[in-house]
Amino acid sequence: MRGKWLVFCFALVFLAGSVAFAQSQKIVRFTEAWPTYLDPAVGNDFSSSVSLANLYDTLVFPTYDGEIVPHLATSWEVSEDHLTYTFHLRQGVKFHNGEELKAEDVVFSMERLLAIGQGYSYIFKPIIDKVEAVDDYTVRFTLKKPFGPFLYALVRLYVLNKDEVLAHAEKTGEYGEYGDYGMNWLLTHDAGSGPYMVKEMKMEEYLHAVRFPDYWKPFDANAPDEFKFIGTTETATVRTLVKKRELEISDFRQPAEFYDAVSKIEGIKVAKLFGGSTFYCMMHTQKPPTDDVHFRRALAYIVDYDAIANQIFPGARQAQGPVSFILPGHNPEVYQYKRNIEKAKEELAQSKYANELDKYPVDLVWCAEVPDEEKVALLIQSNASELGITVNVIKTPWMKIMEEVAKPETTANMYLIFVSPHYAEAGSMLQSKYHSSSAGTWEQTEWLQDKELDQMTEDAIATVNDEERFAKYRKIQDYVVDLCPSLFLIDQPENYAYQDAYIDWIPAERAEKGEKVNPVMGYNHYMPDIKVYPEKRDELLRK
Amino acid sequence: MKKRTVWGKWWYKFSRNPLSVVGLCMVCAIVFVALFAPWVAPYPEHAGPYVNYGEANQPPSLPHPFGTDAFGRDILSRVFFAFRSSLLMGMVVLAIVVPVGVTLGLVAGYFKESWLDILIMRITDIFLSVPPLILALAITSVLKPNLTNAMIAVSVMWWPWYTRLVYGMATSLRNEYFVQSAELLGASKFHILFREILPNCVSTILTKMTLDMGWVILIGAALSFVGLGEQPPKPALGTMVSDGARYLPEYWWMAVFPGLAIMLIVLGFNLLGDGIGDLFSLEEA
């Protein structure tokens, strides 16, 4: 008898659940690896960037075409010497607590970011001299040196509500009069003016945000009322959620088998978004035999790029030069090495090591945490053996890689590493990959100490006019490709499974048409641009 | 004529247990394919630096009876070549371990209660007290991971077992009349150790060796499972299992067949070892 009651209760719970189901809301849910930091002075990884883009506003905004358009700032002026930028703010913009956004909030946000020194502060630290509020709606930045991509960098300055942050700051902390600068409170709250605001943040579990009704920009009728970021990438969970239509967009960290399986479910598609990250095989330019440019070029000509782009990382594309094709400033005409055994042999013949290859085996290190890299390592090994070059494939944990690349003596000949730009522009990539100052970090194991290249890069980055700057970038890319310090393997897409049947997701549609998607990390998940059709979801559930 | 009857008698005793014969056949088959791998394997080039991603993840089929791995290499061919390093590992390790371990055991046993005995046996005890796999792991992770160092690591952990075994036998044999008479006749210590005592231990050592072959191979596979044995692209059974395990359960053949190969080789040597053990125990009886 009791058993029957239990069954009845269960049935009731189920019924209640399905009734709740039947009333679909306009919600977008997506998964990603925890942690996420809502504090603009702390977060800079993928999930944090998505959250920040939706909770906060910035002076300027990145478009899908990689351009920068006015946002909080309606207009701006740049001084003759390119050292002073004056921005005029939009009036009447409200923070989530109803207070108005003013110039002093912008000043506060930058000062706080630089003081805390985490998050995206590394972009601004070397260039910002001071920030001041000229009046309530005018803010002025003074730079230490001309910095061409300044507007591109500004999409990472998220504006906080000064009064609200200070009201919640704990008295004791390492920031003097500011106490803890509100860091503790901002772990689970926002102080922004963005289109969405935090409703609930459950650490290690999820972030639930709802639409900000007083947002200064009108919402589309089908824009989501709320979004939920779920902190898991566990494949079985994600698969189940997608199948039950309880997840609109998956994370991009799933194995190929996952995408295969879910793309067979009705209404689900897999979007391949190129985020600007490029996969390199970096070559030590000071250690024999990879110190010889002909030896490096021989390797560049022998690698089977098609196998990497189509078979190992399906959906990727062979990189063209050191800068991802999606980044503003990429050179679409730069030379692209293709597999060509004849040319490889020609180059090798010119190398000083050509006659004593057996004396110079090449160590190739891949990162133990990324199993797919082994496939690339073995491919390069196999390709190189066609030229008589011996490649030793070495599996090394990431921590140890970072340790050994710190010194030229302990750096191996070759490393397989993915690199992403710090800000969405070619200059970021060129500087962090090939400027002398980045040698010894995991981003540059080439130990390229090329004075001429340094000079060219510094000059380009200091150029304020976009066209001139991009022209200089293109020249640098030609120079780098000729020098061949790395094998430019692939531009890597992020793969997302999404509910094509009931959401319109602009980046996915653009990617399908072969158009560029937003190169600024996080902005392809800009919720106001997504459209949700709950009735179509209900239809799918009824089937 | 007489010789043949001795062999015949041995074979009769050995084959009384059909499992021993099965073990012998398995070992012979494995040794055969390992020795002639370049000719027996359908795709010998797949054991070297070879990848073909167009053929990756193929289930077992006629051209690839064990399927292909994530690199598009024929698993059967790689298993054949992996037998080579496994057998080599077993043989080299035993070739190092047995002479060292046996000599130390003989010396310590014969000079029982002298300082030599105490020195040798306490060192042996120390080695025996460390869990064997942990010791091997520690050694291989300090040294560069490759087959030679894996062999060194396993050898370092394995010799004490032989010392212990022979020590026990030598301590009892030293009081036997034939040893005492040799001593009275003024035979050298060397003669007594190696001509009087050792021959009486041979059958036990031989049995243990055959049984150990399987265990050494298993430890070798465990080391390569964690990436400390033979380095890619050279095939090793343990590495193949650990690589394949990533693709379970969809691509089951990648882990299952190399796993079965490990099982076969260990089982074969164990059955053979039992057979040899039977042979000697019957002989003595």
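**Sheet, domains and chain contact in a predicted model**

In strand E7 of chain A, Thr138(A) is the bridge partner of His88(A). Strands, like helices, are DSSP runs numbered from the N terminus (E, at least two residues, for strands; H or I, at least four, for helices). The structure is a predicted model, in which local features need pLDDT of at least 70, side-chain atom pairs count only at pLDDT 80 or more, and totals for chains, interfaces and linings use all residues. Residues are numbered from 1 along each chain as its sequence is written, while chains are lettered from A and ligands numbered from 1 in the order in which they are written.

Strand E5 (residues 84-89) and strand E7 (residues 138-143) of chain A run antiparallel and are joined by 5 bridges. Two strands count as paired if DSSP finds at least two bridges between them. Helix H3 (residues 103-116) of chain A packs on the sheet and touches E5, E6 and E7 of chain A; its direction makes about 160° with that of E6(A). Contact requires C-beta atoms, placed from the backbone, within 7 Å. Axes are lines fitted to C-alpha atoms, for helices over the stretch in contact, with angles from 0 to 180 degrees between N-to-C directions. The open sheet consists of 4 strands of chain A in the order E4-E5-E7-E6, with antiparallel pairing.

An automatic or database assignment divides chain A into domain 1 (27-31 + 186-272 + 496-542), domain 2 (57-166) and domain 3 (274-493). The C-alpha centres of domains 1 and 3 of chain A are 34 Å apart. Between these domains, 7 residues of domain 1 contact 9 residues of domain 3.

The contact between chains A and B takes 13 residues from each of the two.
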